[in-house]
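Dear colleague,

Please find the structure below, together with the notes I promised you.

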Amino acid sequence: MPDSDINVVITRLGLLSDDVGELKETLRQIASAVTRLALVEARQMQTNEALSRAFKQIDKLDLFRKNLQSFVR
C-alpha cells in the first residue's frame, strides 16, 4: 500500500474517531436529559397525588359542612 493511501486511511480514522467522540458526548447529554425528565415526572406524580388527597379532604369537609347546616336548621 502506497504511503498516500496509508495517509488517507489515517486521516479518515482520525475523523471517524472525532465523530465517535462527538456521538459519545451527545449520548451523555441525552442520558442526562432523560434522567432530568424522569425526575420531573416523579415530582409531577407526587404533586398529582397530593392534589388528589387535598381534593378528597375538601370533599369530606364540604359534606361535613352540609350535614352540620342541615342539623342547625
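**What was found**

Ser17 has its place in helix H1, where helices (H or I, at least four residues) and strands (E, at least two) are DSSP runs numbered from the N terminus. Please keep in mind that this is a predicted model, in which local features need pLDDT of at least 70 and side-chain atom pairs count only at pLDDT 80 or more, while totals for chains, interfaces and linings use all residues. Residues are numbered from 1 along each chain as its sequence is written, and side-chain values use heavy atoms, with hydrogens and water left out.

At 48% relative accessibility, Ser17 counts as partly exposed; in this scheme buried means under 20% relative accessible area, exposed means over 50%, and partly exposed lies in between (1.4 Å probe, protein chains only). The C-alpha atoms of Ser17 and Leu37, which are 20 residues apart along the chain, are separated by 30 Å.

**The chain as a whole**

The secondary structure of the protein chain comes to one helix and zero strands, and helix H1 covers residues 3-72. Along the principal axes, the C-alpha atoms fill a box of roughly 105 × 10 × 10 Å. The radius of gyration of the protein chain is 31 Å, whereas a compact globule of 73 residues would have one near 11 Å; this radius is taken over C-alpha atoms, and the globule rule is 2.2 Å times the number of residues to the power 0.38.

How much of the protein chain counts as buried? Of its 73 residues, 0% do. The protein chain exposes about 7,000 Å², of which carbon and sulfur atoms supply 63%; accessible areas come from the Shrake-Rupley method with a 1.4 Å probe, and for residues only the protein chains shown count as cover.

**A nonpolar patch**

Leu16 is found in helix H1, and together with Val9, Leu13 and Val20 it forms a nonpolar patch on the surface, with about 340 Å² of accessible area in total. Patches are made of residues with over 30% relative accessible area and no salt bridge, like charges being joined within 9 Å and nonpolar side chains (Val, Leu, Ile, Met, Phe, Trp, Tyr) within 5 Å.

**Salt bridges**

A salt bridge is a side-chain nitrogen of Lys or Arg within 4 Å of a carboxyl oxygen of Asp or Glu, and by this rule the count comes to three. Glu25 forms one with Arg28, the closest N and O atoms being 3.3 Å apart; these two residues are separated by about one helical turn, because they are three residues apart in helix H1. Glu25 is partly exposed, with a relative accessible area of 37%.

Asp62 takes part in a salt bridge with Arg65, where the closest N and O atoms are 2.6 Å apart, and in another with Lys66, where the corresponding distance is 3.6 Å. Lys66 and Asp62 are four residues apart in helix H1, and so about one helical turn separates them. Salt bridges that share partners join Asp62, Arg65 and Lys66 into one network. Asp62 counts as partly exposed at 28% relative accessibility, as does Lys66 at 46%.
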